[in-house]
Amino acid sequence: MTSRPAATGGAPLHGSAGGVVPRHVAIIMDGNGRWATKRGLPRVAGHRAGAEAVRKTLRAAVKSGVEVLTLYAFSSENWRRSEEEVSDLKGLLGYYLERELDELDREGVKLRLIGDHTAFGPHLVERLERAVEQTVHNGRLTLVVALNYGARSEIVAAARRLALQAADGKIDPASIDEASFGAELMTRDLPELDLLIRTSGEKRLSNFLLWQSAYAELLFVDTLWPDFDEAAFDAALEEFAGRQRRFGGR
Ligand code: FPP
């Protein structure tokens, strides 16, 4: 295992079984719709099954010693879906929080949000923020839920903030570097992304964590998200442990 560049915040850890455990895993949970269609069910049934897969995956992540699990639950492009599907996804998120929050809290999970969740309406916003508040002191695993998130707009917002600071004479443009840019992103205080998984056989990043995935291992699996479970998560960690990471060196 080669070491990370200094600015990238520490290397993955060795787990109890001797393998290298990624500190930060992110997942593009794809394939809910296809899972439902294959069964002649409405798309919402796929999302419901997808929420169950979230539960199983989270449990596996806690057990494995992963520090941060980031899930792409709703992209800024997902607003283009039908009004009915958007409403189903919002409802499901609220229901999941209602049902799982105390359990997450007991398990030591800290909930964090990235993206602009304020677009989801006062009821869900209130629930989300209450959940974040309730779990803020937990330290076993941080669950980052990306809601109304888009990486390009995250990067543009960071650039705009730095440009404004420079225009105000608060910073010297020449002093802007990867570390100061990274510090303007929503993931600023999270460990570097180690492993990015996308399910359902699609091989794209779809505007997810574009800056953060610069050195991440990418893993594309054919499993549709609702079929993803503890065993699938463990298999992904095993694949990660077997890869030799170079960070551009030899
Ligand atoms: C992609 O499948 C999935 C989503 C857009 C939503 C993910 C949401 C969940 C798993 C539900 C709840 C989430 C949490 C955090 C509790 P798709 O609909 O694009 O599938 P398709 O490509 O087969 O149509």
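A residue counts as buried when its relative accessible area is under 20%. By that cut-off, five of the six residues of strand β5 are buried in this predicted model. Strand β5 is therefore largely enclosed by the rest of the structure. Across the protein, buried residues make up 47% of the 250 residues.

**Overall build**
- The protein contains seven helices and eight strands.
- A compact globule of 250 residues would have a radius of gyration near 18 Å. The protein has 18 Å, so the value agrees with that expectation.
- Along the principal axes, the C-alpha atoms fill a box of roughly 55 × 45 × 35 Å.

**Contacts along the chain**
- Take the contacts between residues at least 6 apart in sequence: 77% of them join residues at least 24 apart.

**Strand β5 and its partner**
- Strand β5 covers residues 109-114.
- Strand β6 covers residues 141-149.
- The two strands, β5 and β6, pair in the parallel sense. Six bridges make up this pairing.
- Leu113 stands opposite Val145 in β6.

**Surface and charge**
- The accessible surface of the protein is about 12,600 Å². Carbon and sulfur atoms account for 51% of that surface.
- There are 33 positive and 36 negative side chains in the protein.
- The centres of the positive and negative sets lie 3 Å apart.

Notes:
Residues are numbered from 1 along each chain as its sequence is written. This is a predicted model: local features need pLDDT of at least 70, side-chain atom pairs count only at pLDDT 80 or more; totals for chains, interfaces and linings use all residues. Side-chain values use heavy atoms; hydrogens and water are left out. Helices (H or I, at least four residues) and strands (E, at least two) are DSSP runs, numbered from the N terminus. The radius of gyration is taken over C-alpha atoms; the globule rule is 2.2 Å times the number of residues to the power 0.38. Buried means under 20% relative accessible area, exposed over 50%, partly exposed in between (1.4 Å probe, protein chains only). Contact means heavy atoms within 4.5 Å. Accessible areas come from the Shrake-Rupley method with a 1.4 Å probe; for residues, only the protein chains shown count as cover. Lys and Arg count as positive and Asp and Glu as negative; His and the chain ends are not counted. The place of a charge is taken as NZ of Lys, CZ of Arg, CG of Asp or CD of Glu. Two strands pair if DSSP finds at least two bridges between them.
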